[in-house]
Amino acid sequence: MELASIENNNFKSLKGFFNEVARLTRFTSRFFKEAIKPPYEISTIVKQSYSLGYKSFPLVAITGFIMGLVLTIQSRPTLADFGAVSWLPAMVAISIIREIGPVIAALIFAGKVGSGIGAELASMKETEQIDAMEVSGINPFKYLVVTRIVSATLMLPVLVIAADAISLYGAYIGCNLQGDVNFHLFFLQVFQKLAFSDIFPAFIKTFFFGFFVGLIGCYKGYYANKGTEGVGAAANSAVVIASLAVFILDMIAVQITSMFN
Amino acid sequence: MEVIVAEVAHLKKSFDNISVLNDINIKINKGENLVVFGKSGSGKSVLIKCLVGLIEADDGNVILFGKNIADLTSDELNSVRKKVGFLFQSAALYDSITVRENLEFPLRGFKSKSKEEIDILVIEALKNVGLEDAIDKIPSQLSGGMRKRVGLARTLILKPEIILYDEPTTGLDPITSKEISNLILEVQKKYNTSSVIITHDVECARITANRMVIIKNGVCFAEGTFKELSESKDEWVRSFFT
C-alpha cells in the first residue's frame with residue numbers, strides 16, 4: 001500500500017515536471033511569435049534596458065572588481081612556486097574573460113534581475129494588473145514579457161563587458177599589491193595572450209544567459225499563483241532556476257567551444 | 001424594443017472538478033444596470049471574467065455585441081474588449097506609474113490620437129470622477145475610494161458601451177460606497193452605458209440596479225427589480241435584504 005502511494009507520488013511529480021516543461025516550451029514559442037510581430041514596444045524596451053542594465057551596473061562592477069583582485073591574489077603563490085609569476089596577468093585575464101566574468105555576472109544578474117522580474121510580474125498578476133491590461137485590449141505578454149526578455153538578452157552582454165574590464169583592473173591592482181607591474185605592461189601581457197577564440201564564444205554565450213534569466217523570471221512571474229505567497233515563491237524559484245540554467249548553458253557552451261577548438 | 005448588448009447562455013465553469021457555474025443565462029440590455037447578487041464564492045466574479053474572456057468557459061456561449069467571443073481571434077477579441085470596461089475589485093491600477101500614465105495606458109492602441117487629444121481625454125475622465133487634482137500622483141498615494149475612482153476613470157477613457165464592475169464598494173466606508181454607487185449611476189446616465197455590477201452590498205444594489213439577478217448553486221436563482229426581490233416570497237432571497 002505504502003509502495004503504491006510512493007509510486008503514485010513519483011508519477012505525479014514526474015507528470016508535473018513534464019507539464020512544466022511543456023508550458024515553458026509554449027511560453028518560449030509564444031515569446032518568439034510575439035517578438036517578431038509588430039507593433040514593437042521600442043520605448044518600453046529602452047526603459048526596461050535602463051532598469052535592468054544600468055541599475056544592475058554598480059553590483060556587477062563591485063563584484064567584478066573583487067573577483068579580479070581576489071583571483072590574482074590567490075593565484076600568485078601557486079604560480080610563484082613554479083616560477084611563473086610573469087604569467088599571472090595572462091592567466092587571470094583568460095580565466096576572467098572566458099569563464100568567471102560571464103558566469104559571475106550572469107549569476108548576479110539572475111539574482112537581481114531574475115528575482116525582480118519574477119516578483120514584479122507575480123505581484124501584477126496578484127493585483128489583477130495583468131488582467132486589467134488584457135481587458136483594455138493591450139497584449140500583456142508583448143508589453144510585459146517580450147520587452148523584459150529582449151532587454152535582459154541585450155543588457156547582460158553589455159554588463160559582462162563592463163564586468164570583465166573592471167575585473168581586469170582589479171587584477172592589475174592585485175598584481176601590484178605584492179609586486180610592481182606597470183599598467184601598460186600588464187595590459188600588454190593580457191592582450192598578447194588573449195585570442196579571438198577566447199573572447200568571441202564567451203561573449204556569445206552571455207546573450208543566451210541573459211535570454212534565459214529574462215525568460216525564467218517572466219515565466220515564473222506570469223504563472224505565479226497562491227496569492228502573496230506566490231510572489232515570494234516566484235522570485236525565489238526564478239533565481240534558483242535561472243542560476244541553474246546559467247551553469248547548464250555554460251557547460252553546453254564549453255562543450256561546443258571545445259569541439260570547434 | 002430593447003437592444004441586447006451582451007448575452008450569456010448556458011454558461012458552465014468548474015475549477016478542479018468543483019462546479020462554480022452550472023447553467024447561467026443572462027441578457028444585458030442597452031443602457032441598463034444589471035446587478036448580480038450572491039453569496040461570497042457563488043461565482044459572481046467568475047461570471048464577469050467569463051463575460052470578457054479573461055476566464056474560458058467550459059461550456060455555453062458568451063455573446064458580446066452579437067459576436068460569440070469563443071469564435072474570435074485574439075485581435076478580434078481585443079477590439080471587442082475596447083468596447084467593454086472593467087473595474088476590478090482592487091481597481092488594478094498600475095502601481096509603478098502615475099495616475100496620468102494609468103489613464104493614458106489603454107489609449108496606447110490608438111496611434112492616431114495626438115498628445116493634446118490624449119491630455120484632453122485624461123483630464124475629462126478624471127473630471128468625471130472628481131479627481132483632476134490627483135493626475136500626477138502615484139497609486140500608493142491614493143486612498144481606497146480614490147483608487148476606485150481612478151480605476152473607473154481609466155475604464156471610462158475608452159468610452160465603453162458596457163462596464164463590468166467587480167465588487168465596486170468592497171472595502172470602502174459607507175459614505176465612500178454611496179459616492180461610488182452614485183458615480184456608477186451618473187456614468188450610466190451620462191454615457192448611456194450598460195453595466196453589470198457584481199456586489200453583495202445591498203445599498204449599492206438599491207442605488208444602481210435597474211434589474212437584479214441572484215446566483216445560487218451556479219444558476220440564476222432569482223431575477224427582478226430591487227423591490228421585487230427584496231419582497232420575494234423566498235426566505236433565502238429575502239435574507240439578503242434584511
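A residue counts as buried if 20 or more other C-beta atoms lie within 10 Å of its own. By that rule, buried residues make up 43% of the 242 residues in chain B. The model shown in every view is predicted.

**View 1. Chain B as a whole.** Chain B holds nine helices and ten strands. The radius of gyration of chain B is 18 Å, close to the 18 Å that the globule rule gives for 242 residues, so chain B is as compact as a globular protein of that length. Along the principal axes, the C-alpha atoms of chain B fill a box of roughly 55 × 45 × 40 Å. Take the contacts in chain B with a separation of 6 or more: residues 24 or more positions apart account for 66% of them.

**View 2. Chain A as a whole.** Chain A has nine helices and zero strands. Its pattern along the sequence reads α-α-α-α-α-α-α-α-α. The C-alpha atoms of chain A fill a box of roughly 65 × 55 × 35 Å, taken along the principal axes. Of the 261 residues in chain A, 42% are buried. Among contacts in chain A with a separation of 6 or more, 88% join residues 24 or more positions apart.

**View 3. Where chain A meets chain B.** Ten residues of chain A are in contact with 16 residues of chain B. On the side of chain A that touches chain B, three residues are nonpolar, four are polar and three are charged.

**View 4. Helix α9 of chain A.** This helix covers residues 227-260 of chain A and has 34 residues. From its first C-alpha to its last, α9(A) reaches 48 Å, close to the 50 Å expected at 1.5 Å a residue. The buried residues of α9(A) include A:Val231, A:Ala234, A:Ala235, A:Ala238 and A:Val239. Further along the helix, A:Ile241, A:Ala242, A:Ala245, A:Val246 and A:Ala253 are buried as well. What do the buried residues of α9(A) pack against? They pack against α4 (88-126) and α8 (196-222) of chain A.

View 5. Strand β1 (residues 4-15) and strand β2 (residues 18-29) of chain B run antiparallel. Eight bridges join the two strands. In this pairing, B:Lys13 of chain B stands opposite B:Leu21 in β2(B). β1(B) and β2(B) form a hairpin with two residues between them. In the turn, B:Asp16 has a positive phi of about 50°. β1(B) also pairs with strand β4 (residues 59-64) of chain B, in the antiparallel sense and over five bridges. Here B:Lys12 stands opposite B:Asp59 in β4(B).

**View 6. Strand β3 of chain B, covered on both faces.** β3(B) spans residues 33-38, and six of its six residues are buried. On one side lie B:Asn33, B:Val35 and B:Phe37. On the other lie B:Leu34, B:Val36 and B:Gly38. Which way does β3(B) run relative to strand β8 (residues 194-198) of chain B, parallel or antiparallel? The two strands run parallel, joined by four bridges. In β8(B), B:Val196 is the bridge partner of B:Leu34. Strand β9 (residues 211-216) of chain B is also parallel to β3(B), joined by five bridges. B:Val35 stands opposite B:Met212 in β9(B).

**View 7. The largest nonpolar core.** This core has 135 residues. Those with the most contacts inside it are A:Val213, A:Ala242, B:Val36, B:Leu51, B:Ala153 and B:Leu164. α4(A) gives the most to this core, with 18 residues. Now look at B:Leu164. Not counting residues up to four places away in sequence, B:Leu164 touches B:Ile48, B:Leu51, B:Val52, B:Val84, B:Gly85, B:Phe86 and B:Val196.

View 8. B:Arg147 sits in helix α5 (residues 144-156) of chain B. Why does B:Arg147 count as buried? It has 23 other C-beta atoms within 10 Å, and the cut-off is 20 or more. Leaving aside neighbours within four places in sequence, B:Arg147 is in contact with B:Ala91, B:Leu93, B:Pro139 and B:Leu142. B:Val99 is 48 residues apart from B:Arg147 along the chain, and their C-alpha atoms are separated by 9.3 Å.

Terms used
Residues numbered from 1 in each chain as written. Chains lettered and ligands numbered in written order. Predicted model: local features only at pLDDT ≥ 70, side-chain atom pairs only at ≥ 80, totals over all residues. Rg over C-alpha atoms; globule rule 2.2 N^0.38 Å. Buried ≥ 20, exposed ≤ 12 C-beta atoms within 10 Å, placed from the backbone. Contact = placed C-beta atoms within 7 Å. Nonpolar A, V, L, I, M, F, W, Y, C, P; charged D, E, K, R; others polar. Pairing = 2+ DSSP bridges. Expected span 1.5 Å × (residues − 1). Core = buried A, V, L, I, M, F, W, Y, C linked by C-beta atoms within 7 Å.
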